[in-house]
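Trainee: Could you walk me through this one? I have not looked at it before.

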Amino acid sequence: MALQESLAKFKKQQEKCQTTLTSIAAKAGSSKPTVPQKFTPAVPTKPTPAVKFSNDTERLQHINSIRKAPVGAQIKRVIDLLLETRQAFTPEQINDACYVDTKANKAVFDSLRNNLKVSYDGKRFSYKSKHDLKDKSQLLVLVRKFPEGIAVIDLKDSYPSVMEDLQALKAAGQVWLLSNFDSQEDIAYPNDPRVPIKVDDDLKQYFREIELPRDMLDIEKDLQRNGMKPATNTALRRASAENHVCGSKPKPKKKKQEISKRTKLTNAHLPELFQSLKDADSSK
């Protein structure tokens, strides 16, 4: 009986607590001010543009054609890049600049590393010219080391403005630029300022009045007589030219085809062409 009475009291306490909580919640809800809702018009959303997957097709085709090109063509493309920029490039930078993937193509990588025009330090590729020059002063020092002359073609790729500096040295009288008789290429000769030579006008006039032989054979003989070696060999050149003419056989002449009775006549409206045939028939 005591247990039942305790349970009845506990239920009454729960009911009382429940009513208290309900009243508190009702008071709190009535105390909040009502906020009027604002009407916002619906903004029309812009349709998202369709993604075009063909925008980059042309570039990808260009890259694919480069990487499928022969090894020599890819090597030339990389060397042109190194020559124009005169900078050192990693394989990744080369791929970004000219689309030649040296890491994926071992033949290209090995050929590029062993190329005479390319320097490789283990990480980067750079252009390697025949003469390591940086400016005009170094160019002048190099030319003075070759009193017999140095070919301009060996200097062209030394640095970007080497030809302008060479012309400036020529204008300043520090070097001479002369054409080679055989190859017609320019040769740079040093003009040593330590030995200035002043020639009298009488000697210049005497030099200009000397009449040279008209035949190159006589000129070569005069040079040899004075202890100088001629740059040409006219006798050998003429002999080889004569052998070439004699060795070439004339083409045989084709025998002129005469008209006979069996010849199919297609120009019957021109009887004078077949007069010989008529004469042959009458003689029989």
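Predicted model: local features only at pLDDT ≥ 70, side-chain atom pairs only at ≥ 80, totals over all residues.

Trainee: Let's start with helices, then. At what angle do H3 and H4 pack?

Mentor: Helix H3, residues 71-85, and helix H4, residues 91-98, pack at an angle of about 95 degrees, and their axes are 11 Å apart. That angle makes H3 roughly perpendicular to H4, because anything from 65 to 115 degrees is counted that way.

Trainee: And which residues make the contact?

Mentor: On the H3 side they are Arg 77, Val 78 and Leu 81, while H4 contributes Ile 94, Ala 97 and Cys 98. By kind, the residues of this contact divide into five nonpolar and one charged, with no polar residue.

Trainee: What about the loop between H3 and H4, is Thr 90 buried or exposed there?

Mentor: Thr 90, which sits in that loop, counts as buried because its relative accessibility is 14%, and the cut-off for buried is under 20%. Setting aside residues up to four places away in sequence, Thr 90 touches Lys 123 and Arg 124.

Trainee: Changing topic, what is the strand order in the sheet?

Mentor: It is an open sheet of three strands in the order E3-E5-E4, and the pairing is antiparallel. E3 and E4 stand at the edges with a single partner strand each, so one side of each has no neighbour in the sheet.

Trainee: How many bridges join E3 to E5?

Mentor: Two bridges join these antiparallel strands, and in one pairing Ile 150 has Ala 188 of E5 as its bridge partner.

Trainee: Where does H6 lie relative to those strands?

Mentor: H6 lies across E3, E4 and E5, and runs at about 90 degrees to E5. The buried residues of H6, which spans residues 136-144, are Leu 139, Leu 140, Leu 142 and Val 143. Seen down the axis of H6, these buried residues fall within an arc of 160 degrees, so they line one face of the helix.

Trainee: What covers them?

Mentor: The cover includes strands E3, E4 and E5, together with helix H7, residues 162-171.

Key: Residues numbered from 1 in each chain as written. Heavy atoms only, no water. Helix = DSSP H or I, 4+ residues; strand = E, 2+ residues; numbered from the N terminus. Buried < 20%, exposed > 50% of the residue type's maximum accessible area, 1.4 Å probe, protein only. Contact = heavy atoms within 4.5 Å. Axes fitted to C-alpha atoms, helices over the stretch in contact; angles between N-to-C directions. Parallel < 35°, antiparallel > 145°, perpendicular 65-115°, else oblique. Nonpolar A, V, L, I, M, F, W, Y, C, P; charged D, E, K, R; others polar. Arc of directions from axis to C-beta. Pairing = 2+ DSSP bridges.
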